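Please walk through this protein chain with the model open beside the text. Start with the overall layout, then move to single residues.

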Amino acid sequence: RAAAPRSAGREDAGRATKSANLRDLEHRLTRALGTRVTVADRNGKGHLTVPFSSYDELDRILDIFLKS
């Protein structure tokens, strides 16, 4: 049996639910950290996702967070 095709708009629909402020925050964090950052928010609570591809990159990101 063939798998059902995925809806082409499914991923875009998830992005459309983010507020302009949340998208702006993701953009600013992505620029500041030099890697894609996603922010999940539900009623003022949530989490940040900051992917890294190596321990060297993780060290670089941590240096940015901890230099404050």
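This is a predicted model: local features need pLDDT of at least 70, side-chain atom pairs count only at pLDDT 80 or more; totals for chains, interfaces and linings use all residues.

Residues are numbered from 1 along each chain as its sequence is written, and side-chain values use heavy atoms, with hydrogens and water left out.

The protein chain has three helices and two strands. Here helices (H or I, at least four residues) and strands (E, at least two) are DSSP runs, numbered from the N terminus. Along the sequence the pattern reads α-α-β-β-α. The chain has 68 residues, and 12% of them count as buried. Buried means under 20% relative accessible area, exposed means over 50%, and partly exposed lies in between (1.4 Å probe, protein chains only). The chain exposes about 5,900 Å², with carbon and sulfur atoms supplying 53% of it. These accessible areas come from the Shrake-Rupley method with a 1.4 Å probe; for residues, only the protein chains shown count as cover. Take the contacts with a separation of 6 or more: residues 24 or more positions apart account for 19% of them. A contact means heavy atoms within 4.5 Å.

Now find the two strands. β1 and β2 form a hairpin with two residues between them. The strands run antiparallel, and five bridges join β1 to β2 (residues 45–49). Two strands pair if DSSP finds at least two bridges between them. Val39 stands opposite Leu48 in β2. Arg42 faces Lys45 of β2 in the same way, standing opposite. Asn43 sits in the loop between β1 and β2. Asn43 has a positive phi of about 55°, although it is not a glycine. Is Asn43 buried or exposed? Asn43 counts as exposed because its relative accessibility is 75%.

Next, go back to helix α2 (residues 20–33), which holds Arg23. Arg23 is partly exposed, with a relative accessible area of 40%. A polar atom of the Arg23 side chain lies 2.5 Å from the backbone oxygen of Lys18. That is a polar contact: a pair of N or O atoms within 3.5 Å; within protein, one must be able to donate a hydrogen and the other to accept it, and residues adjacent in sequence count only if both atoms are side-chain atoms. Arg23 and Val39 are 16 residues apart in sequence, with their C-alpha atoms 8.2 Å apart in space.

Thr35 is in the loop between α2 and β1 (38–42). Thr35 counts as buried because its relative accessibility is 12%. The Thr35 side chain reaches the backbone oxygen of Pro51 at 3.4 Å. Leaving aside neighbours within four places in sequence, Thr35 is in contact with Thr30, Val50, Pro51, Glu57, Arg60 and Ile61.

Finish at helix α3 (residues 55–66), where Leu62 is found. Leu62 counts as partly exposed, at 35% relative accessibility. Leu62, Phe65 and Leu66 form a nonpolar surface patch, with about 300 Å² of accessible area together. Patches are made of residues with over 30% relative accessible area and no salt bridge; like charges are joined within 9 Å, nonpolar side chains (Val, Leu, Ile, Met, Phe, Trp, Tyr) within 5 Å. A salt bridge is a side-chain nitrogen of Lys or Arg within 4 Å of a carboxyl oxygen of Asp or Glu.
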